[in-house]
Amino acid sequence: MTARSTRCTTVAKTRTSRLAAVAAIAVAGSMLLTACGDQTEGGSTTEGGTTAANSAPLFSKLPADIQKAGVIKVGTDASYAPMEFTENGKIVGVDPDIAAALGKQLGVELKFTSGTFDGLITGLESGRHSLVMSSMTDNKKRQEGLDDDGKKIGKGVDFVDYFSSGVSLLVKKGNPQGVNSLDDLCGKTVAVQRGTIYEDTFKAQATKCGSNKLTIQAFDTDAEAQTRVKAGGAVADLNDYPVAAYIAKTSGGGNDFEVVGNQTDVGLMGIAVSKDDTQLRDAVKEALDAIIKDGTYAEALKKWDVEDSAVKSATINAGK
């Protein structure tokens with residue numbers, strides 16, 4: 001299983017933790033971005049804007065209100081490099097680049113707004129945005145609107161699956177505690193982004209550890225969890241592999257962290273859509289299939305060195 005749980009943490013949800021702590025990198029391509037209060041907004045646009053929207057291959061497949069607006073609002077947690085992160089006030093990364101390619105097929109702008117990962121599905125249900133694209137793991141719990149105890153807490157969402165990844169442990173450079181697997185964490189303290197599948201994984205491990213207690217410190221952002229590990233207050237963070245690898249490569253010039261152990265829980269990340277919005281869901285699926293076929297999807301993944309996480313075709317609710 002991958003990607004962040006509610007976000008935000010491979011290039012891990014995943015799937016939370018989707019970094020203030022990582023070094024900035026140069027990003028090619030143009031992005032249309034705006035600021036809104038204390039939220040960071042960014043967007044990918046179709047070439048030439050919406051003036052040529054009617055001629056886009058899949059424009060007619062979109063709901064009428066989106067055709068009229070010329071914009072699809074996308075919720076994200078832009079703290080999850082290289083999947084989505086903020087650089088010089090712009091939201092950049094794998095997901096925005098894929099969104100830009102989708103926008104060309106759909107003939108509208110996909111406009112990103114950043115918030116906390118564990119509030120993204122709520123924002124979708126309230127209509128604050130029409131899609132969530134934030135390294136979010138597609139699983140049955142989210143599809144059915146269930147909490148960790150199986151209690152119904154919402155309608156659930158549909159997913160258009162677009163990325164595949166496993167999770168990996170991120171530890172302090174040099175691995176001073178000798179952590180190489182989840183079992184090595186028993187009796188220790190870990191840090192993780194709140195509301196992610198990574199937190200769920202640590203909770204399951206805590207149960208397995210029993211009396212040899214595993215202490216879990218959960219934070220609003222993955223950057224905070226990383227800081228805790230770097231300071232020595234926790235022995236490990238958990239992220240999708242691509243995210244963990246990117247952090248290890250860039251943070252502190254590669255001197256802060258390292259990835260240990262093998263990838264586990266390989267699964268699908270999905271673009272979340274309201275269950276009431278099947279027309280938009282199906283249009284996004286068709287657009288994803290189109291960019292897989294024409295090669296722009298592969299180009300976006302290659303740019304960020306995450307080609308191994310490509311899917312061969314778009315699927316709906318294929319997560320487990």
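In the predicted model, Asn 88 is exposed, because its relative accessibility of 75% lies above the 50% cut-off. Asn 88 sits in the loop that runs between strand 5 and strand 6. Although Asn 88 is not a glycine, its phi is positive, at about 55°. This residue belongs to the hairpin of strand 5 and strand 6, in which two residues lie between the strands. A positive phi of about 55° is also found at Asn 317, again a residue that is not a glycine. Asn 317 is placed in the segment after strand 14 (315–316).

The pairing around strand 5 involves strand 4 and strand 6. Strand 5 and strand 6 (residues 90–92) run antiparallel and are joined over three bridges. Within this pairing, Thr 86 has Ile 91 of strand 6 as its bridge partner. Strand 4 (residues 79–80) is likewise paired with strand 5 in the antiparallel sense, over two bridges. Here Tyr 80 is bridged to Glu 84, which belongs to strand 5. Strand 4 and strand 5 make a hairpin, and three residues separate the two strands. The loop between strand 4 and strand 5 holds Pro 82. The peptide bond that leads from Ala 81 to Pro 82 is cis, its omega being near 5°.

Three aromatic pairs were counted in the model. In one of them, the ring centres of Phe 85 and Tyr 246 are 6.1 Å apart and the planes meet at 40°, so the pair is classed as tilted. Tyr 162 is buried, with a relative accessible area of 0%, and Phe 163 counts as buried at a relative accessibility of 0%.

Ser 168 has a relative accessibility of 2% and so counts as buried, the limit being 20%. When neighbours within four places in sequence are left aside, the contacts of Ser 168 are Asp 237, Leu 238, Asn 239, Tyr 241, Ala 244, Val 259 and Gln 263.

A search of the whole structure returned one disulfide. The bond is formed by Cys 186 and Cys 209, whose sulfur atoms lie 1.9 Å apart. The link between Cys 186 and Cys 209 is left-handed, with -80° about the S-S bond. Distant parts of the chain are linked by this pair: Cys 186 is in the loop between strand 9 (157–172) and strand 10 (189–193), whereas Cys 209 is in helix 5 (residues 197–209), and the two cysteines are 23 residues apart. Both Cys 186 and Cys 209 are buried.

Helix packing was examined for helix 2 and helix 8. Helix 2 (residues 94–106) packs with helix 8 (residues 278–294) at an angle of about 105°, and the axes are 9 Å apart. Helix 2 is therefore roughly perpendicular to helix 8, because the range of 65 to 115 degrees is assigned to that class. On the side of helix 2, the contact is made by Ile 98, Ala 101, Leu 102, Gln 105 and Leu 106. On the side of helix 8, the contact is made by Ala 283, Val 284, Ala 287, Leu 288, Ala 290, Ile 291 and Asp 294.

Methods:
Residues numbered from 1 in each chain as written. Predicted model: local features only at pLDDT ≥ 70, side-chain atom pairs only at ≥ 80, totals over all residues. Heavy atoms only, no water. Disulfide = S-S within 2.5 Å. Helix = DSSP H or I, 4+ residues; strand = E, 2+ residues; numbered from the N terminus. Buried < 20%, exposed > 50% of the residue type's maximum accessible area, 1.4 Å probe, protein only. Contact = heavy atoms within 4.5 Å. Phe/Tyr/Trp six-rings, centres within 6.5 Å; stacked < 30°, edge-to-face > 60°. Pairing = 2+ DSSP bridges. Axes fitted to C-alpha atoms, helices over the stretch in contact; angles between N-to-C directions. Parallel < 35°, antiparallel > 145°, perpendicular 65-115°, else oblique.
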